[in-house]
Amino acid sequence: MELLRSQLSRVRIPEPTNRIYKQECCVSFDTPKSEGGLFVDMYTFLAFGKDYVLWNYEKTKDPVYLHIKQIMKPVGEDRPSKKPALLAIGVDGGFDNNEPEYEDHYEIVILPDFVTLPYPSVELPEKVRLAVDGVLLAEGAERKQQIAQWTADKKKISKYALDLKQLDNGVIVPPTGWKCSKCEKTENLWLNLTDGTILCGRKNWDGTGGNNHAVEHYQVTNYPLAVKLGTVTADLEGADVFSYPEDDSVEDPLLAQHLAHFGIDFSSLQKTEMTTAEMELDHNTNFDWNRIQESGKDTDPLYGPGYTGLVNLGNSCYLAATIQVVFSTRSFCSRYFIDQSLKKAFDTALSDPTVDLNMQLTKLAHGLLSGKYSLPATEKDDCSNAANPSISPKQVGIAPRMFKSVIAASHPEFSTMRQQDALEFFLHFIDQVERMNSNNPTIDPSRSFKFGIEERLQCPSGKVAYNRRSDYILSLNIPLHKATNKKELEDFQKLKAEKDMEGKELSSEEIVRPRVPLMDCLECFSGPEEVHDFYSTALKSKTTAIKTAGLTSFPDYLVLHMRKFVLEAGWVPKKLDVYVDVPEIIDISNMRSKGLQPGEELLPETADDEMPLADENIVAQLTSMGFNYLHCQKAAINTSNMGVEEAMNWLLAHMEDPDIDTPISKQAKSSDDLSSFVDQSKVDALISFGFGEELARKALKATGGDVEKATNWIFDNPDASSATDMDTSTSSNVAGADAGLPDGGGRYKLIGIVSHIGTSTHCGHYVAHIHKDGRWTIFNDEKVAVSKDPPLDMGYFFESAVIFVKGKTSIGC
């Protein structure tokens with residue numbers, strides 16, 4: 001006890017503003033359930049596993065720790081699992097994870113000799129007792145990050161409900177025997193609360209559901225509210241009321257009155273249909289959506305190094321699928337696992353390792369690749385002996401909470417609990433990794449994905465222009481006219497027309513979808529394309545140019561993104577009903593762009609007084625979608641007013657450009673003129689940061705004089721200090737632009753697929769299939785198993801990315 005008293009200066013009583021970690025180690029995925037438990041530093045309130053707590057002592061000299069150990073409780077009898085009633089986790093009525101219960105044990109530990117003192121104990125100094133009580137009573141930092149639980153939003157009262165006008169048209173709705181007034185549908189029926197018309201609901205993306213008659217009725221009449229028949233019972237709160245103008249399920253506080261208008265006695269009605277929320281809940285509790293999860297198949301679970309699952313944190317499957325593929329690559333495996341130990345990362349980390357990206361990436365890599373946490377999960381058992389728990393095919397896995405918190409801290413969407421687009425997350429993740437390694441690009445693993453793209457434009461004058469950019473993904477359109485099963489599609493369309501005439505639905509076995517080879521998608525990317533309204537500086541007028549594209553370098557890992565969502569009229573996204581057949585080997589050597597060729601003549605540069613103006617029609621359409629007006633002008637100008645789609649693609653690719661907010665103006669004629677536009681005080685500010693004057697001026701010129709953006713520009717352009725200003729309209733600098741990028745042959749082998757099910761990238765589910773150790777493996781959150789049926793045809797349900805490795809037959813460390 002005297003030893004503890006001598007160390008009271010290294011004990012703090014936590015304050016409400018302190019972040020207290022007590023559920024997970026900062027440098028590993030050890031928890032209080034781990035064999036060695038968890039040690040909470042009573043001065044910094046950081047937590048460490050038994051194998052790592054001495055590292056913290058060596059670094060901080062903090063000697064006093066609260067040791068937390070959780071031991072499984074014996075379970076006398078197995079209670080039947082209740083079906084969830086709420087779309088929630090960890091709340092009464094929500095999902096039951098069927099996990100065993102644990103008992104908490106505490107003690108005070110003094111390092112470096114691991115002297116232990118019991119807790120609770122009246123003999124402990126008061127400061128220690130208050131400090132420990134404060135830690136135990138406080139909401140853990142890990143829990144605070146997860147506190148936005150996955151709970152469905154409460155329905156709002158419709159603004160149309162209180163003054164809804166109902167027609168006195170004499171309609172009386174019978175208690176049973178309903179059918180759509182425009183077709184023979186007897187399920188998924190909606191009663192319009194204004195005129196009493198009964199119509200079928202929307203048609204689902206897979207052809208099931210209704211025939212859209214209810215929503216079409218609203219489009220004609222503007223009658224706003226409808227209730228789903230079969231959901232109306234004596235408990236009116238459970239009725240499914242939908243507001244078309246509000247485009248959401250709503251609450252109608254006067255529903256009883258509105259139903260009585262049509263003679264409906266709701267007290268005697270029985271429930272025969274699921275509400276929209278219940279159908280969503282049913283999808284979340286039954287993971288047999290389609291074959292990308294290989295549901296219904298006997299899969300062999302896999303354990304060991306490289307086969308560690310990732311626990312779903314709540315709509316985090318997009319993160320899990322992406323990370324599994326990324327850390328299966330040799331570049332990320334080497335950088336954060338083979339070449340960097342946890343100890344090295346911890347020693348160089350910030351004082352708070354939970355917010356250090358390098359530390360959390362290393363922690364994630366070791367958690368995934370070491371095999372330490374790739375163990376079968378335990379569930380409640382019907383025996384009273386907790387030493388004999390039942391084994392689940394599901395893994396213990398690791399919960400990447402700290403990593404998600406760090407990587408998403410600067411992003412307004414990824415920091416939420418909502419579902420996100422895996423491709424957008426991949427690009428954000430790669431950007432963060434590149435920024436972190438900007439001072440030493442030779443060890444930057446993100447460069448293994450980076451490649452150059454060159455577009456060649458030729459106008460009728462015969463002269464050409466070259467535009468170049470770098471990217472991490474190759475997005476491909478799907479040319480449906482290249483389908484290989486056209487005869488089967490023609491027969492299917494005839495059958496569909498016959499079924500529609502008879503009012504019958506097609507079975508899933510009868511549906512035929514186009515099959516398009518991946519190589520045709522690649523050919524579509526590089527093939528010639530007409531560009532209308534191209535401003536030719538040679539002809540000094542708008543004309544039609546021919547555009548081709550190619551790659552200036554071939555990355556170690558090539559990520560292909562299949563654009564299965566297309567924009568219909570009114571900019572409404574629609575998912576293509578199509579298969580893309582992906583071969584295991586591709587050779588894209590013919591797609592290499594060679595730049596300006598002998599005999600080619602470049603289009604003259606645009607004179608200041610000839611600089612084309614932005615097409616205001618294009619700008620207006622882009623601004624109507626919420627984009628910045630100046631950004632839209634630049635997008636139109638930089639795509640030579642080709643069209644809205646081209647401008648949008650440019651805009652999305654250049655949103656993070658340092659000079660995106662720089663006003664459009666005539667270019668200065670010389671470097672002396674350029675320097676006159678730079679505020680010397682801002683130059684001095686950058687010089688005070690340690691940058692050279694020439695580099696500071698260049699950065700300020702590139703970012704419109706914004707010091708913060710100029711600082712980021714310098715870090716994003718590590719070669720800028722030695723490079724001269726480049727003319728991006730010519731091709732004389734192709735080699736310089738691609739300097740340092742991986743390059744080689746164009747032969748690739750398929751190693752991974754990230755697949756998505758759902759009508760939108762913001763709903764549904766993601767899984768990953770990875771080829772490693774000579775077989776395909778499915779990674780479905782914390783479930784890892786041998787893949788019996790990998791979706792190599794990139795099926796209809798997927799908004800997918802495929803990953804190829806260059807000239808290799810396997811991947812891994």
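Glu600 and Arg456 form a salt bridge (a side-chain nitrogen of Lys or Arg within 4 Å of a carboxyl oxygen of Asp or Glu), with their closest N and O atoms 2.8 Å apart. This pair links distant parts of the chain, 144 residues apart: Glu600 sits in the loop between β23 (585-587) and α16 (616-623), and Arg456 in strand β13 (residues 451-458). Helices (H or I, at least four residues) and strands (E, at least two) are DSSP runs, numbered from the N terminus.

A word on the model: it is predicted, so local features need pLDDT of at least 70 and side-chain atom pairs count only at pLDDT 80 or more, while totals for chains, interfaces and linings use all residues. Residues are numbered from 1 along each chain as its sequence is written, and side-chain values use heavy atoms, leaving out hydrogens and water.

The structure holds 25 salt bridges, including these:

| Pair | Closest N and O atoms |
|---|---|
| Glu600 and Arg456 | 2.8 Å |
| Lys487 and Asp491 | 3.0 Å |
| Glu510 and Lys499 | 3.7 Å |

Lys487 and Asp491 both belong to helix α14 (residues 486-502), four residues apart, about one turn of the helix. Elsewhere, Glu455, Arg469, Glu529 and Lys547 are linked in a network of salt bridges.

Now to helix α3 (residues 126-137). Its buried residues (under 20% relative accessible area, with exposed over 50% and partly exposed in between; 1.4 Å probe, protein chains only) are Val128, Ala131, Val132 and Val135. Seen down the axis of α3, they fall within an arc of 95° (taken from the directions from the helix axis to the C-beta atoms), so they line one face of the helix. On the other side of α3, Glu126 and Leu137 are exposed.
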